[in-house]
Amino acid sequence: MSQFRNLIVSTALLGLSVSSLAMAQEPPITLGVQVPTTGSEATYGQDMFNAMQLAAEEINAAAGGLLDGRQIELVTGDSACDPQQSVNAASRLASREVVGVVGGYCSGATQPTLKTYGDANIPFVIVAANSTQLIPANPGNAVMINSTGDDQAKTALDFFEGKGIESLAIVNQGDAYSQDLANLTRDAWTEAGHEVAAFEYVNKGEQDFSALVNKIRGSGADAVFWTAYYADGGLLVRQLRQRGFQGTIAVGDGSNSPKLFDIAGQAAEGVFAFSNPTADFLPAAEQFIADYEAEFDSAPGPYAPLAYDGLQLMAWAIGKAGSTDADAIIEALNSADGQEWLAGPISFTPQHTLARSNFVVLEGQGGRWTRYAP
Amino acid sequence: MTWYDSLLQQLVDGLVLGAFYALVALGYTMVFGVIKLLNFAHGDLYMTGAFAGFGGLSLVSGVLGAGWLGIFVAMLLAMLAVGCLGVVIERVAYHPMLGAPRLSILITALAVSLVLQNAALSLTGGQYTAFRTDLGFGGLNLGNLFLSYNQIVLVATAGVLMIALELFVSRTAYGRAMRAVAIDKEMCRMLGINVSAVIAVTFFIGSGLAAAAGTMAGAYYGSIWYFMGFLIGLKAFTAAVIGGIGSITGAMLGGLILGLLESFGTHIPFIGSEWKDVFTFSILILVLVLKPTGLLGKSEVERM
Amino acid sequence: MSDSSNPRPSPPRSSSQREPEARRPWQRLIIAFESPGPRRALQATIVLLLIVMPWISSQYTTVILTNALLYVVLCLGLNIVVGYAGLLDLGYAAFFAVGAYTVGILTQQFGVNFWVAIPFALVAAAIAGIIIGGPTLRLRSDYLAIVTLGFGEIVRFTARNLEITGGASGLSHIPEPSLFGWRIDSAIDFYYVFVVLAILAYVASQRLFDSRLGRAWLYVRHDEDAAEAMGINRVRIKLAAYVIGAIFGAIGGIFFSVNLGAISPESFSFQQSVLILLAVVLGGMGKIPGVILGAFIVVLGPELLREFDTLRLLIFAVLLLAIMLFRPSGIWPEKRA
Amino acid sequence: MVKDARPPTVAETATERPGRVRLRLREIEAFYGQIQALRGISLDVHEGEIVTVLGSNGAGKSTTLKTISGLVRARQGEVELEGESITRLAAHEIARRGVVHVPEGRRILRGLTVQENLELGAFTVKDPALRRQRLEDVYARFPILHERRHQDGSLLSGGQQQMLAMGRALMHGPSVMLLDEPSMGLAPKLVTEIMRIVKQLNEAGTTILLVEQNARLALRLADYAYVIENGEIRLHGAAATLREDASIIKAYLGLGEES
């Protein structure tokens, strides 16, 4: 019933002015959370939102909020991992005059929102999305706290070289994120003087990769790099191993989910993944994991630490700026000085990207990811 | 691998893929036959079938295990459940639309597709569900040719289902009635045939076959999600049209042809695999422009 | 002569045929709109409302309305193909894409001025219309549906695979246009641009409907052979529908690309085509106000239901189904169909 | 054409009709959309009779048959079979009660073989032995169908198609056969042949309601006749009486000259 009321209210709001509502005494600081809460990536979105909620609660409880007791309030904008939907969501957040936005998971859906937030001059902490395409599209109000595709391509290059791989097959899914990572890796790989045996595309949701697997096997590649998400990645890994592919298989950070083991089963043993720092491998995250599990009854997902950091960073910047003035917050964000956060130190390059590579290499062992040490 | 082995492997893989397409295409074609409707929700029935099969397997795996036996029983349960769902959809959504403008019926079918997809989305939260089975990775290595046991069982199952359908349609009174209804409903009513019942049976069978394909795909590939019906729906639709929509043998043939096209399409020299679907759709358009009724379709002059 | 040559009337079916003129309030409104006086007044009110809207509502509303107006243009374009000429098209997003990409490539990659790029985009769309229309016009409706679907997908895949289109990431940094020194870049600027486009599309649709060409489409839609016997060249007439529809789509795409500043192949998927078709049929094929209503429903519907979170698309789909079941010819159908 | 307000009714009560009433129409009104096609049609078909309905193009003959078989819904009036109302039954239910409609144009199912067409006629017959028996009977009656049993039924000649259509109806085991224009489009020699078969069927015990445009032929065959004009019964009586009344033939049937 309350949902129905919400509907009526939002209908009314659409026709009327939105801004004049809810002017209480110590007004809360409203922060937007832009994550996919519907669509295929909804799991990640929910996980990220949970982590941010945890961060907000901690800030509200510990320091009694920000700026002399103003509580942090979160509003979601569902990007659904779709460009048009996320622009709608972003302009909705902008209309609600949020002080800042934290989030951004799918690069393709994050990219067009940069303009929306840029035009509205809203500080934006991008926590997960890391396509290099985002860098030139950033008008300057956004910072990226996840390492970019460039860093990952470098990690991949080092890893494959360390394994003595000569000939590499790269497979992506034809979306902005995975195509970007695939292109970057290809360029880095060929520049280093190696051979790309196959450079392939698959459609999202296509289940049968047998023709592709044959082609990879026929190409003589001794390693396969899957640059896209876990769901189809699991299928590819499975079919590669089923067809007797013996070489190295590595997946990008879109596939570092534990669910890869659900889908690929046995075949995921010995698969490598490049990963942003997940909670399991962060020394400082023990308390975070415990809190998260206590609150949400499940383990934090791969992007939870970054999401948590993102919100903390935003709060820190607001505190440092001493007001909710956008320009001051943006300046504060960019001045991040390498302070140690949950997932490591944060400071930014002149392109507003994380100044260090945070990628680690994981290996599938016993049905879960473990830290790989060569 | 020599080019010859590779060719053979392609052929085998194409047939496996084609078997799925054919099973799904059959439903399209049968429904089109009896009510001249492109049932856009058909791919979503395949998806629903995969989830029903998943549910069925978790129900029976305790007793029968999650090997092929369990999967078969789960598949039969899924066929039954989704078959009934198909009948309900026909009754609720399509039957009241008889006589409405054709495009409206098409949009209704799209709406049904959206309903099924979004219902599944809401129920699963959009997550991929791992379809766990006890199926092994084993297979036959014939020289360089690899044929997994699962592939063999899969193609055999699809084959049995298709032969059963073919026998049903050509040899039984109900099958004859189904063909007759596709040709002239009014005449059928004059002969005492309950046309609504025949249409219901057609939907039941068509949806059941989609569910069979869905369950097998889930078990074979190992993961299912709410949007899995879209792509195969499109492909199966293409297969049905290539074969000649309305023709049952045509759908089987179209499915196999499309499977082979895709399998070989990945290997066209000088063109990357990213052009595979462009290739598939171009063939489709070519077939339609050169032989508009498809390979086995009856020529029929009809315009909108 | 035998009995069989009787004009065989279709069996009586819908009870609505016998129903006396309905007098429910909204139907009365519709009837009122059919007569010229109130129609003028209503049109004026709507235009006025459109003009003041951004000043009395939030930016979010403006963005959503801009989106709705974009759909008005697209839907009116598809309506020419589907509603006027009776040709089923499941790949309309292709034209939308051609317009968006042509302008995107020319302005962003070659630095061509936006206004100079427009004619190129229109020509490209017209050519696309001929390519799609030409070989397929003799096909039956269902086949036409799948061929257009195939073309739509081919266009999308091509955009995804080519370098010049920016691959899957698409093109970003498409420069904002300016007009006589007015730089069009804020949400409100674009809102007004789309208000103008939607009004132009409305006027053009109305003119086409009343024109000789419009009548020719009507004949072809109802009885192709008879139309041909009357000296109407049906292939040319149908091609005209495709080409004009394509140009509408391209115009939508052109301004869509500069509005978003970034385009990617996902915006031109099959689902997009379906959504546009949905709006046209939902509103009432061939009926301009119906189509506009449909465009608003498919855009505003999911937004209004945003509060329902994951359930919103399901609710939208169920509502859609219900509308089709209770009003199979659309909410505001064309009477002469 | 004479357009009297009150047509001559000389034939109306002229004969006593044998047998029980098998099929009775009472005051049937039927519409196509807004257009009224039947205006209060009443007629009887008695057991064992051939009853014919005559009239010009568009008079409502075929509609009458369609109303009986349930393809067209009567808005007013009743159709009774053996004294029981079948007005509101679905078409296939009416067929299951033994009313079999052989429509104009034969409507042979294209793409199905001759034998399949026949077997569809016995769709409602559950007993396989009975089905086989009937198939043999039909083949005995129409040897040509047996000869062509594996051919596509729609590829037969017009006369053969008519035989197939009637054979298909016989497979059903009809209690009343509604025959719509069996002579349509056939050469004169074939017409005679078909009419002979109709007579034979009737003699073998099938009750027949025959719609014909060829009135002279129909009257020669029928026991009783109704004349429809403009959706109304203008005249009815024993076929023999009508046949001999030259003025009636001239006035209503437009058969002044040999057709």
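Which residue of β12(A) does A:Asp337 stand opposite? A:Asp337 faces A:Ser347. This is a predicted model, in which local features need pLDDT of at least 70 and side-chain atom pairs count only at pLDDT 80 or more, while totals for chains, interfaces and linings use all residues. Residues are numbered from 1 along each chain as its sequence is written, chains are lettered from A and ligands numbered from 1 in the order in which they are written, and side-chain values use heavy atoms, with hydrogens and water left out.

**Hairpin in chain A**
- Strands β11 (residues 337-341) and β12 (residues 344-347) of chain A pair antiparallel over four bridges. Strands (E, at least two residues) and helices (H or I, at least four) are DSSP runs, numbered from the N terminus. Two strands pair if DSSP finds at least two bridges between them.
- Two residues separate β11(A) and β12(A), which form a hairpin.

**Sheet and helices in chain D**
- Chain D holds an open, mixed sheet of six strands, ordered β6-β7-β8-β3-β9-β10.
- β6 (99-102) and β10 (232-238) of chain D are the edges; each has a single partner strand, so one side of each has no neighbour in the sheet.
- Neighbouring strands of this sheet are turned by 15° against each other on average, direction ignored.
- β7 (residues 176-180) and β8 (residues 207-212) of chain D run parallel, joined by five bridges.
- Helix α1 (residues 61-69) of chain D lies across β3 (50-55), β6, β7, β8 and β9 (224-229) of that chain, at about 150° to β7(D). Axes are lines fitted to C-alpha atoms, for helices over the stretch in contact, and angles run from 0 to 180 degrees between N-to-C directions.
- Helix α7 (residues 188-203) of chain D lies across β3, β7 and β8 of chain D, at about 155° to β8(D).

**Chain contacts overall**
- Five pairs of chains touch, and chains B and C make the most contacts among them. Contact means heavy atoms within 4.5 Å.
- Chains A and D do not touch; their nearest C-alpha atoms are 37 Å apart.

**Interface of chains B and C**
- Each chain gives 48 residues to the contact.
- About 4,200 Å² is buried between chain B and chain C, 75% of it on carbon and sulfur atoms. Buried area is the accessible area (1.4 Å probe) that two parts lose on being put together, summed over both.
- The rule finds zero salt bridges here. A salt bridge puts a side-chain nitrogen of Lys or Arg within 4 Å of a carboxyl oxygen of Asp or Glu.
- On the side of chain B, α3 (68-94), α4 (102-124), α9 and α11 each give two or more residues. The largest share, 14 residues, comes from α4(B).

**Interface of chains B and A**
- Chain B supplies 35 residues and chain A 31.
- Chains B and A bury about 3,000 Å² between them, 50% of it on carbon and sulfur atoms.
- In chain B, B:Tyr128, B:Phe137 and B:Tyr221 lose the most area to chain A, together 25% of what that side buries.
- The rule finds three salt bridges across this interface. The side chains of A:Glu206 and B:Lys235 meet in a salt bridge at 3.6 Å, N to O.
- α1 (3-35), α8 (195-221), α9 (228-243), α10 (248-265) and α11 (276-290) of chain B each supply at least two residues of the side that touches chain A.
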